[in-house]
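Colleague: I have a few questions about this model. Please take me through them one at a time.

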Amino acid sequence: MEGRGAVERGDVCMCQTVFPSHADHRGELSPGQLLKWMDATACLAAEKHAGVSCVTASMDDIQFEEAARVGQIITIKTKVNRAFKTSMEVGIKVMVQDVLTNVEKIVSVAYATYIAKPVGAGKIELEPVKLLSTEDHLEHSLAIERRRIRLGYEQVFQNLTHESNKEGDYCDTFEEKDGISTDLTHVQSIELIQPPHANHHGNAFGGQIMAWVEKVASISASRLCHSYPVLKSVSMFKFWGPSVVGDRLVFNAIVNNTFQNSVEVGVHVEAYNCEEWIKSQARHINSAFLIFNAVNDSGELLTLPRIKPTTQDGMRRYRGAIARRRIQLIRKCILSAKVDKPSDLWEKSNQAYMSYSNIAALTCLAAKPGWEVTSAVNDIKIWTHEEGEMLSLKVEMQVKIPSHLAFCLLSDFTLRLQWDKHFLTCKVLQATDEDDKIYYVTSPPMTGHKPRDFVILVSQRQPFKPSEPYIVAVKSVTLASMPPSSEYWRSEILCAGFHIYSDSDSSCTVCYFNQVTSAVTPYFAANLAGSSKSIEDTALECRKFLEMNNSK
């Protein structure tokens, strides 16, 4: 296929007034209707970019922050953040506006993946997205990290489930005081896919299936809480296979677990064509997990009864709900957290999200506008960035070494002792995978203080395409096996690391970033005052180290 170069970003905006036909008994916009609108708008953005029909592959965890009421205006903005070979990530932002007060609030921010489906047996390779703004570049960079999260979701879930299973098989001995059975919460519904439910190629809209899933899950949840459930979130929604006009879809929903004020409902979706329907040969196309809150007539949260699994399958679903809840809490605490918070507790179960957080924090720091040059000596530039009370540092230098070799040398922190005098010792505590390692580092004491030590996560990424940098991101983590010692002053790195850009086959530009903490403030302040050249000297030693190893 002949390439066209980068194409204009597929941006689509949809505005819709919420009418009574869109609302539930409380006068609030039905979540199922909103999911249909979100999918339809995002699909239009995907097709605008691809130039061919697209189908929904998955939608990341969706959190609903606000409810829209009848008479209010819903605005859905979607844009293609990044195109891969045949799939693309589409960002979705939903806002609600009150026409009387003009107040606008965020309802949800989500990310969906769509696959291009050309007509016939031909293949299509998507063109890259044309990036027009700083925000475009940032979302484009983070899209590859979110993709890693999607691909690793099942492994994270299996790890958490395995941890739960190691505690023992409780199916026969499990006792939940006053626990109730969920058998009565089972709901089955059958839908026939008709032309209005599908696109012009006959494939069912993903949003329509999500709406049907929400409906049957809501009925199941209401049987447990004996009130009207409110949808708060949907776990990662993935389509395992297509369904077309004429298929019968069978939805089976049942409560999996409760968590004080919330309940998880699992929905299993099977598809049948006419022949499969007669022979009872099902095609599993989706399993969805929805979280509801129960509220009374005044909108106050109700406490839900605990459940008691009575079968092996019930126990599997019970444990699975706990694992998914932990994933959601991890995502909420890490992915949406500011980088100026204390170090995160490192566990095997949250490894993928901590790695994402590490890379994302450095990527966001590097993309911030407003960096100012404060020094330029010996071809080494020092930049600063102020935002509120947060001060950040950037050191930029050109090095005569191929970018991939600089990446190899700088990503191995045990080699840093050879050029950074602020490192006394450095050892690997955990090599979790080829891209993430945890190090224990000791540093010299500052005047009147003990020597310092750090427990840091170093995450590395190779570029997806030549114009992107190699990334080495660093942040402090809390490791249960390495508590603070009385011999050292435990210090923290909020956000630091390297971006390495290729200039030619034999040279590169190395950029070092650091959000200034108390551990480095004295060095930085001395540099600004002109009484020290610690930063420039360290940069010169780094460049010397890299070029010397390149010549070897």
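Colleague: Leaving aside its neighbours within four places in sequence, which residues is valine 267 in contact with?
Modeller: First, this is a predicted model, where local features need pLDDT of at least 70, side-chain atom pairs count only at pLDDT 80 or more, and totals for chains, interfaces and linings use all residues. Residues are numbered from 1 along each chain as its sequence is written, and side-chain values use heavy atoms, with hydrogens and water left out. Contact means heavy atoms within 4.5 Å. With those sequence neighbours set aside, valine 267 is in contact with Val213, Val216, Ala217, Phe251, Asn252, Ala253, Asn286, Ser287, Ala288 and Leu290.

Colleague: Which residues touch the most other members of the largest nonpolar core?
Modeller: A nonpolar core is a set of buried Ala, Val, Leu, Ile, Met, Phe, Trp, Tyr and Cys residues joined through side-chain atoms within 4.5 Å. Buried is under 20% relative accessible area, exposed over 50%, and partly exposed in between (1.4 Å probe, protein chains only). This core has 69 residues, and those touching the most other members are Ile74 and Val267.

Colleague: And where does this core lie?
Modeller: Domain bounds here come from an automatic or database domain assignment. Both domain 1 (9–136) and domain 2 (178–338) give residues to this core, so it lies between domain 1 and domain 2.

Colleague: How many residues are in the other core that lies apart from it?
Modeller: Among the members of that other core are Ile380, Phe413, Val510 and Phe545. Its residue count is 34.

Colleague: Let's follow one of those: is phenylalanine 545 buried or exposed?
Modeller: Phenylalanine 545 is placed in helix H9 (residues 534–551); helices (H or I, at least four residues) and strands (E, at least two) are DSSP runs, numbered from the N terminus. Beyond its neighbours within four places in sequence, phenylalanine 545 is in contact with Leu409, Leu415, Gln418 and Trp419. At 3% relative accessibility, phenylalanine 545 counts as buried.

Colleague: Which side chains does the side chain of threonine 509 make polar contacts with?
Modeller: Threonine 509 is in strand S23 (residues 508–515) and is buried, with a relative accessible area of 10%. A polar contact is a pair of N or O atoms within 3.5 Å; within protein, one must be able to donate a hydrogen and the other to accept it, and residues adjacent in sequence count only if both atoms are side-chain atoms. Its side-chain partners are glutamine 398, at 3.3 Å, and, at 2.8 Å, aspartate 503.

Colleague: Which strands stand at the edges of the six-strand sheet?
Modeller: Two strands pair if DSSP finds at least two bridges between them. The open sheet has the order S3-S8-S12-S11-S10-S7, with antiparallel pairing. Each edge strand has a single partner strand, so one side of each is left without a neighbour in the sheet; the edges are S3 (62–63) and S7.

Colleague: In S10, what is the bridge partner of serine 189?
Modeller: Strand S7 (residues 187–192) is joined to strand S10 (residues 248–259) by six bridges, and they run antiparallel. Serine 189 belongs to the covered face of S7, with Val187 and Glu191. In S10, its bridge partner is phenylalanine 251.

Colleague: Last one: how many of the 17 residues of H6 are buried?
Modeller: Helix H6 (residues 351–367) reaches 24 Å from its first C-alpha to its last, close to the 24 Å expected, where the expected span is 1.5 Å times one less than the number of residues. H6 is largely enclosed by the rest of the structure, because its buried residues number 13 of the 17.
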